[in-house]
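Open the model in your viewer and keep the selection tool at hand. The tour goes stop by stop.

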Amino acid sequence: MSLNFSVLKSGLLSDSPLVLVSTGVLAPGAVAFHFRLKRLPTTTIQANLNTWRLHDGGLKIMVCVSTMYNGCFYDCGLCEGVLGGKNLTEEEIIFQVWHILFSRYLTVGKVREMEINFFGIGEPFVNPNVLKAIRTWDELLDEPLITLSTHGPKTGRKVFEGAVALFLSGVKIRCQVSVDLLNDHKRFSYMDITDSPGTKSWSLSELSALTRSWLTRTRTAAVANFVVTNHPQFGAWTADDYDLLRQLFPPPTVIKLSYESWTHGGTQDTMASVGELETRRRMLVDQGWPVEVFVLPGTHVPGGGCGA
């Protein structure tokens with residue numbers, strides 16, 4: 001990976017709206033970065049760096065950034081965030097990546113593949129500043145893959161349209177919808193949507209339409225993410241679930257299966273549902289879906305609600 005060092009000078013971080021407060025190793029290859037907002041000195045946010053070593057000795061990295069502080073648009077049962085929250089500025093989103101790239105945990109020259117994922121606290125589709133951040137990263141980094149994920153707030157149409165426009169201008173974006181549950185009532189309940197179901201967020205059929213629109217307009221498949229967890233609202237998929245999945249998110253939609261932990265008062269063991277994940281993976285592949293399996297480096301790392 002190359003950086004435009006004519007712009008990213010060594011003194012860049014002195015202009016940061018963030019102050020790095022602490023870092024913590026979550027597991028081998030997974031580091032959490034805690035920042036304080038300069039404009040709100042008592043407020044902190046978190047971003048993560050995940051690294052995997054490639055066969056040639058280089059690194060594949062995923063930088064997971066937050067888009068809100070003091071909570072989120074949702075209060076998903078699998079997330080460390082809480083209901084509420086306000087949007088971060090463009091600079092506060094961008095500088096999470098700069099701090100991580102210039103940190104002691106990373107040698108930029110060894111990075112072969114880079115993904116920036118909106119996987120931290122906050123619902124990206126309610127913060128239009130994410131579009132400005134994506135444009136800046138694309139200009140200054142060597143074609144990072146940027147995964148823009150959402151649980152589907154109805155106010156998110158502007159961000160979706162902006163992402164389509166950025167893709168058509170040459171930015172390497174993929175659209176991911178965090179579906180998680182194939183039942184609207186259960187899904188809205190686990191996201192802690194207290195108003196009438198369908199008022200605040202897109203339904204499953206509306207999320208399906210979103211992925212089809214992305215495919216039609218960009219000619220690339222969207223990703224539908226499903227967490228695999230021992231949360232009590234989640235269980236093994238039945239034949240009916242696979243039939244419904246085909247109706248809503250047929251191939252070539254990419255199905256991502258993500259190890260997750262139940263962070264709201266539950267176990268942190270992300271390996272508890274390995275058998276179910278492998279069963280789903282085999283069934284999906286046999287039925288023609290492209291499948292990705294995601295697990296953070298290490299095996300006991302708390303997950304987040306948006307499904308990296």
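Buried means under 20% relative accessible area, exposed means over 50%, and partly exposed is in between, with a 1.4 Å probe and protein chains only. Helices (H or I, at least four residues) and strands (E, at least two) are DSSP runs, numbered from the N terminus.

This is a predicted model, where local features need pLDDT of at least 70, side-chain atom pairs count only at pLDDT 80 or more, and totals for chains, interfaces and linings use all residues. Residues are numbered from 1 along each chain as its sequence is written, and side-chain values use heavy atoms, with hydrogens and water left out.

**Stop 1: the whole chain**

Color by pLDDT, the predictor's confidence in each residue, from 0 to 100. The chain's mean is 87, and 86% of its residues reach 70 or more. Now select residues 299–308. Here the pLDDT is below 50, yet the stretch has 53 contacts in the model beyond near neighbours in sequence. A contact means heavy atoms within 4.5 Å.

Switch to cartoon. The protein chain has seven helices and 12 strands. Of its 308 residues, 54% are buried. Take the contacts between residues at least 6 apart in sequence: 73% of them join residues at least 24 apart.

**Stop 2: helix α6**

Select residues 239–248, which form helix α6. Which of its residues are buried? They are D241, Y242, L245 and L248. Look down the axis of α6: the buried residues fall within an arc of 130 degrees, so they line one face of the helix. The arc is taken from the directions from the helix axis to the C-beta atoms. Turn to the other side of α6, where A239, D240 and Q247 are exposed.

Next, show what the buried residues of α6 pack against. The partners are α5 (204–218), β10 (223–228), β11 (254–259) and α7 (274–286).

**Stop 3: aromatic pairs**

Rings of Phe, Tyr and Trp (its six-membered ring) pair if their centres lie within 6.5 Å; planes under 30 degrees apart count as stacked, over 60 as edge-to-face and the rest as tilted. How many aromatic pairs does this rule give? The count is 11.

Select W52 and F294. Their ring centres are 6.3 Å apart and their planes stand at 70 degrees, so this pair is edge-to-face. W52 lies in strand β3 (residues 40–53) and F294 in strand β12 (residues 291–294), so the pair ties together parts 242 residues apart in sequence. W52 is partly exposed, with a relative accessible area of 25%. F294, at 10%, counts as buried.

Move to F118 and W137. This pair is tilted, with 5.8 Å centre to centre and 45 degrees between the planes. F118 lies in the loop between β7 (111–117) and α2 (129–140), and W137 in helix α2. Both F118 and W137 are buried.

Then pick F33, F35 and Y105, which ring pairs link into a cluster.

**Stop 4: charges over rings**

A charge sits over a ring if NZ of Lys or CZ of Arg is within 6 Å of the ring centre and within 35 degrees of the ring normal. Return to W52: the charged end of K60 sits over its ring, 5.7 Å from the centre. Go back to F294 too. There the charged end of K256 sits over the ring, 5.9 Å from its centre.

**Stop 5: R39**

Finish at R39, in the loop between β2 (30–37) and β3. Is R39 buried or partly exposed? At 41% relative accessibility, R39 counts as partly exposed. Leaving aside neighbours within four places in sequence, R39 is in contact with Y69, N87, L88, T89 and E92.
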